[in-house]
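The model comes first, then my entries.

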Amino acid sequence: MTELEKMKFAKTYIDKMANGINPLTNQNTSENDIINNVHISRCLFYVSDILRQVIDNGGTVSTNSHNKRSNFYITNEQKLALKPVEHSVYVREITEEINRITEANGTKKFAAVWITNWLVSLEMLEVVDGKKLATEHGIEMGITTELRYSQKIGNYYANIYSKSAQAFIYDNIDAILEFRNNSNKKQ
């Protein structure tokens, strides 16, 4: 097995753990498992992205390889391939599907924060004490904010997106990108 193949294999394990899946059994881990701690999960996603950058760079570490990737884009055919699922999902699952569909484009990854910031601008989410929570308008669209508990971090809020909310996001990818690009210009 080459070093690049080892990196790809390691990335699959890290991706599974970041998504709360035991990479050895492919089973979902319990809610109290340490890999479901939001801080651990974020670290695993970060490491996964670093590995992706190294893999995309042929196995070579480069501090500016991320900057070499072009801005995110999605073709009309790729948009048509995005289908909401029947069950409710987290925003990261929506972005994972978008990134899976657009992987061949070789662009930067579509980020969950682009969606949530756009939803805040539409007043479907509101920021309360630094947390993004569904508004009445968001609830009507199919976004639900649930209060959850983890032994590691205590109470936290999770936004869940129904099939109709997923479809709304997929149908408005261009608007999300435009909002993100306009927000970046203002900074």
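Entry 1. I began at the end of the helix and found that α2 is followed by G58, whose phi is positive, near 75°; helices here are DSSP runs of H or I with at least four residues, numbered from the N terminus. I note that this is a predicted model, in which local features need pLDDT of at least 70 and side-chain atom pairs count only at pLDDT 80 or more, while totals for chains, interfaces and linings use all residues. Residues are numbered from 1 along each chain as its sequence is written, and side-chain values use heavy atoms, with hydrogens and water left out.

Entry 2. I checked the length of α2: its 19 residues reach 27 Å from first C-alpha to last, close to the 27 Å expected at 1.5 Å a residue, the expected span being 1.5 Å times one less than the number of residues.

Entry 3. I then went to N37, which sits in the loop between α1 (3-18) and α2 (38-56). N37 caps the N-terminal end of α2, with a side-chain oxygen 2.7 Å from the backbone nitrogen of H39. N37 counts as buried because its relative accessibility is 8% (buried is under 20% relative accessible area, exposed over 50%, partly exposed in between, with a 1.4 Å probe and protein chains only). Beyond its neighbours within four places in sequence, N37 is in contact (heavy atoms within 4.5 Å) with K152 and I153.

Entry 4. I listed the buried residues of α2, among them L44, L51, R52 and I55. Y46, also in α2, counts as exposed because its relative accessibility is 56%.

Terms used
Helix = DSSP H or I, 4+ residues; strand = E, 2+ residues; numbered from the N terminus. Polar contact = N/O pair within 3.5 Å; in protein donor to acceptor, adjacent residues only side chain to side chain.
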